[in-house]
Amino acid sequence: MDPAGELVPDVAANLPGRGLWLTPRRDTLARAVAKRLFARAARQPLSVPADLADRIEGLLAQRCCDAIGLARRAGLAVAGFEKVCEAVRAGKAALLLSALDGAEGGRGKIRALGRGLPLATVLTAAEIGAVFGRDHVVHVAVGGSRLSGRLIADAEKLAGFRSGAVVDRGAEPAAAHPARHDGGIGSR
């Protein structure tokens, strides 16, 4: 809550003060707002912005894009179908991303190739493309690091707010994909 008494979303969970925690889903948020649960939990009146769910969705999408951008700059992320396939075959991918508006066939091919890897389909091709300085990007592979762990957690939260968004954790546990810091997955 800000000093004016308005509810403030804290998707990074690092703002000071008392937090009011909620399952990251649009429908859960709508029910909490309708039942005035935030004011009840805070034990004081507060105002809830009408576009709170959209703000949270935007903040989560930006957080995902920021993590991909950090991974790209660290040499831990590659974009494009062929580069993603190479990274998966070389065992350097820990997380796969496919655009929400990408073709289902391409997503199926990537899923088949990286069967045990997590696959997040939460961002649009334009959102992912902006990270790589392109108009659109459909497929991305992210190498093992703390960033990939943060990215999968944020993608799962974003999936609760976006229609059609899904995160598939893969067949293997996350621990089966250790962090690799042997030069990343991108070519330099």
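The model is predicted. Those buried residues are Ala125, Ile128, Gly129, Val131 and Phe132. They sit on the same side of α6, because their directions cover an arc of only 150 degrees around the axis. Just after α6, Gly133 takes a positive phi of about 75 degrees.

**Helix α6 against helix α3**

Two packed helices are described by the angle between their axes and the distance between the axes. For α3 (residues 52–73) and α6 (residues 125–132), the axes come within 9 Å. They cross at roughly 35 degrees. The crossing of α3 and α6 is right-handed. On the α3 side, the contact is made by Ala61, Cys65, Ile68, Gly69 and Arg72. On the α6 side, Glu127, Val131 and Phe132 take part. By class, this contact has 5 nonpolar, 1 polar and 2 charged residues. Val131 and Phe132 are also among the buried residues of α6.

**Helix α5**

Helix α5 (residues 104–113) has four named buried positions: Gly106, Arg107, Ile110 and Arg111. Their arc around the axis is only 135 degrees, so they lie on the same side of α5. The other side of α5 carries Glu104 and Lys109, which are exposed. What covers the buried residues of α5 includes α4 (81–89) and the strands β2, β3 (119–121), β4 and β5.

**Salt bridges**

The structure holds 12 salt bridges. Three of them are set out below.

| Pair | Closest N to O | Relative accessible area |
|---|---|---|
| Asp27 and Arg31 | 4.0 Å | Asp27 34%, Arg31 46% |
| Asp154 and Arg150 | 3.6 Å | Asp154 3%, Arg150 27% |

Asp27 and Arg31 belong to helix α1 (residues 26–34). They are 4 residues apart, so about one helical turn separates them. An α-helix has 3.6 residues a turn, so residues three or four places apart point the same way. Asp27 counts as partly exposed. Arg31 is partly exposed too.

Asp154 and Arg150 both lie in helix α7. They are also 4 residues apart, about one turn of the helix. Here the two partners fall into separate classes. Asp154 is buried, because its relative accessibility of 3% is under the 20% cut-off. Arg150 is partly exposed at 27%.

Which residues join Glu127 and Arg162 in a network of salt bridges? Arg26, Asp54 and Glu57 are linked with them. On α6, Glu127 is one of the residues making the contact with α3. Glu127 is also part of the salt-bridge network.

How values were computed. Residues are numbered from 1 along each chain as its sequence is written. This is a predicted model: local features need pLDDT of at least 70, side-chain atom pairs count only at pLDDT 80 or more; totals for chains, interfaces and linings use all residues. Side-chain values use heavy atoms; hydrogens and water are left out. Axes are lines fitted to C-alpha atoms, for helices over the stretch in contact, and angles run from 0 to 180 degrees between N-to-C directions. Helices (H or I, at least four residues) and strands (E, at least two) are DSSP runs, numbered from the N terminus. A crossing is left-handed if the near helix is turned anticlockwise from the far one by less than a right angle, and right-handed if clockwise. Contact means heavy atoms within 4.5 Å. Ala, Val, Leu, Ile, Met, Phe, Trp, Tyr, Cys and Pro count as nonpolar, Asp, Glu, Lys and Arg as charged, and the others, Gly among them, as polar. A salt bridge is a side-chain nitrogen of Lys or Arg within 4 Å of a carboxyl oxygen of Asp or Glu. Buried means under 20% relative accessible area, exposed over 50%, partly exposed in between (1.4 Å probe, protein chains only). The arc is that of the directions from the helix axis to the C-beta atoms.
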